[in-house]
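Work through the exercises below with the sequence and the model in view.

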Amino acid sequence: VYRLGKERSAAIAALDRNFVAALVAERLPCLELVHPLLERPAANLRSNVTGFRRFGAMKASLVLSFITRGRDVLLSDVDVVWIRDPEA
């Protein structure tokens with residue numbers, strides 16, 4: 001996001017309070033998606049089938065809310081590496 005100069009046209013979904021605080025401190029646009037399911041210490045959603053499905057549904061709902069407002073969406077998780085600008 002920074003290398004492409006798109007940090008001001010993107011919104012970062014923050015899943016925990018520490019990340020929300022860090023984004024706010026950097027004055028970056030963020031969506032606060034803090035949820036008790038995601039705030040448990042050392043929570044591993046992949047080993048919690050119900051929690052993982054709820055998390056997926058939460059992401060899908062977020063994407064749908066943008067699409068229904070006529071916005072473009074590019075969803076990328078933290079473990080994704082972009083080789084090129086996806087808008088190019």
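**Exercise 1. The chain as a whole**

What percentage of the 88 residues in the protein chain is made up of buried residues?

*Solution.* The model is predicted: local features need pLDDT of at least 70 and side-chain atom pairs count only at pLDDT 80 or more, whereas totals for chains, interfaces and linings use all residues. Residues are numbered from 1 along each chain as its sequence is written, and side-chain values use heavy atoms, with hydrogens and water left out.

Step 1. Apply them: buried residues make up 14% of the 88 residues in the protein chain.

Step 2. Consider the surface, with accessible areas taken from the Shrake-Rupley method and a 1.4 Å probe; for residues, only the protein chains shown count as cover. The protein chain exposes about 7,300 Å², of which carbon and sulfur atoms supply 54%.

**Exercise 2. The order of the elements**

State how many helices and strands the protein chain has, and in which order they run.

*Solution.* Step 1. Helices (H or I, at least four residues) and strands (E, at least two) are DSSP runs, numbered from the N terminus.

Step 1. On this basis the protein chain has three helices and two strands. From the N terminus on, their order is β-α-β-α-α.

**Exercise 3. A residue of strand 1**

Is A14 buried or exposed, and which residues does A14 touch?

*Solution.* Step 1. Locate A14: it belongs to strand 1, residues 12-14.

Step 1. A14 has a relative accessible area of 0%, and therefore counts as buried.

Step 2. Contact means heavy atoms within 4.5 Å. Not counting residues up to four places away in sequence, A14 touches F19, V20, L23, L31, E32, L33 and V34.

Step 3. Take L31 from this list: A14 and L31 are 17 residues apart in sequence, while their C-alpha atoms are 6.0 Å apart in space.

Step 4. Turn to F19, which is placed in helix 1, residues 17-25. F19 is partly exposed because its relative accessibility is 36%.

**Exercise 4. The salt bridge**

Which residue forms a salt bridge with E32?

*Solution.* Step 1. A salt bridge is a side-chain nitrogen of Lys or Arg within 4 Å of a carboxyl oxygen of Asp or Glu.

Step 1. The whole structure contains one salt bridge. Its partners are E32 and R17, whose closest N and O atoms are 3.9 Å apart.

Step 2. E32 lies in strand 2 (residues 30-32) and R17 in helix 1, so the pair ties together parts that are 15 residues apart in sequence.

**Exercise 5. Helix 3**

Step 1. The buried residues of helix 3 are G51, F55, L62 and V63.

Key
Buried means under 20% relative accessible area, exposed over 50%, partly exposed in between (1.4 Å probe, protein chains only).
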